[in-house]
Amino acid sequence: MSFPRIVAAIAAGLLFASSAIAAPAFKVEVTGNASGAPMILIPGLASSGAVWDGTVRRYCGARRCHVLTLAGFAGVPAIDGPLLGTAEQQLSEYIAANKLAQPVIVGHSLGGFLALKLAADHPEQVGRLVIVDSLPAMAAMQMPSITGPQMKEMAAAVRTRMLSMDAASQQAGQLQTLRTMITGADDVQRALAWGQQSDRTTVANAMAELMGEDLRQEVARIKAPTLVLGSWIAYQNFGSKEQFQQGYQGQYSKLAGVKVEMADTARHFIMLDDPSWMYDRIDQFLK
């Protein structure tokens, strides 16, 4: 079954006021019942909003879903300046301009981090949070005692390395990485295509933003009930499921009432690897 999609006319200034003075930090596709409860879905680094197609089919009949693709990713034009900060501000404005009352926000990876930032800085705008394999401080997962300056130094080194690669090395590296993050070969190729359509500088800068920030204290400001779905199977050389669960719980320890669950078989793209497991947890959470 196909669902009608309406590409939001952000560039024309129809959906939020800041579009007249700032380039849009994301493209939006709106799906579902116009009077349904709102849900916003945010993909991760170098990913298209199409990564949520199965989730849209599951939830966006009765609900009204707003599927983002961030600027510079998967063919969407890049913007100048920090992507995460700009996207957060524009998403807050988008929610207000469209009168989205307490939307459920679902974010994967970098999109999950953006969802956490929004919910911490604008707690009154968010109804519920579903965070799919994302952490408040990615660089601290293996090094919990890492300092802020050390995070910034690590992030800068990663950015430099990413930008120094030639095109062939970049594609080979993306393919190798995606094979650790996604099980299905067809899904790997789809994600690889999105990456190849993404702006290299935007991807490197966004990765550095993600690695250089620490929201472990800021999540205490989040008021929305939060479900965190993590993965570990692809990284079992670094620890057991129980150790990963403890690591996730530790990073979210300041977020009151958070529920953390770890997938048994899904890799990083849980929505592709084990959608039934993910939907079951979300269904229970949204009751």
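Colleague: What makes the contact between the side chains of E261 and K259 a salt bridge?

Modeller: The term asks for a side-chain nitrogen of Lys or Arg within 4 Å of a carboxyl oxygen of Asp or Glu, and for E261 and K259 the N to O distance is 3.7 Å, so the pair meets the rule. Before going on, please note that this is a predicted model, in which local features need pLDDT of at least 70 and side-chain atom pairs count only at pLDDT 80 or more, while totals for chains, interfaces and linings use all residues. Residues are numbered from 1 along each chain as its sequence is written, and side-chain values use heavy atoms, with hydrogens and water left out.

Colleague: Which parts of the chain does the salt bridge of R281 with E261 tie together?

Modeller: The closest N and O atoms of R281 and E261 are 3.1 Å apart. R281 lies in helix α10 and E261 in strand β8 (residues 259-262), so the pair ties together parts that are 20 residues apart in sequence; here helices (H or I, at least four residues) and strands (E, at least two) are DSSP runs, numbered from the N terminus. K259, E261, D280 and R281 are linked in a network of salt bridges, and a search of the whole structure finds 11 salt bridges.

Colleague: Why is R281 called partly exposed?

Modeller: Buried means under 20% relative accessible area, exposed means over 50%, and partly exposed is in between (1.4 Å probe, protein chains only). R281 has 23% relative accessibility, so it counts as partly exposed, and K259, with 44%, is partly exposed as well.

Colleague: Why is the pair of Y59 and Y279 called edge-to-face?

Modeller: Rings of Phe, Tyr and Trp (its six-membered ring) pair if their centres lie within 6.5 Å, and planes under 30 degrees apart count as stacked, over 60 as edge-to-face and the rest as tilted. The structure holds three aromatic pairs, and in one of them Y59 and Y279 lie 5.9 Å apart, centre to centre, with 85° between the planes, which makes the pair edge-to-face. This pair links distant parts of the chain, with Y59 in helix α1 (residues 53-59) and Y279 in helix α10 (residues 275-286), 220 residues apart. Both Y59 and Y279 are buried.

Colleague: What makes the pair of Y235 and F244 stacked?

Modeller: Y235 and F244 have 25° between their planes, at 6.3 Å centre to centre, and the pair therefore counts as stacked. Y235 is partly exposed at 23% relative accessible area, whereas F244, at 6%, counts as buried.

Colleague: How do you know that a disulfide joins C60 to C65?

Modeller: A disulfide is a pair of cysteine sulfur atoms within 2.5 Å, and the S to S distance of C60 and C65 is 2.0 Å, so the pair qualifies. The torsion about the S-S bond is about -85°, so this disulfide is left-handed. C60 counts as buried at 1% relative accessibility, and C65 does so at 0%.

Colleague: How do you know that the charged end of R128 sits over the ring of F285?

Modeller: A charge sits over a ring if NZ of Lys or CZ of Arg is within 6 Å of the ring centre and within 35 degrees of the ring normal. The charged end of R128 sits over the ring of F285 at 5.0 Å from its centre, and F285 is one of the buried residues of α10.
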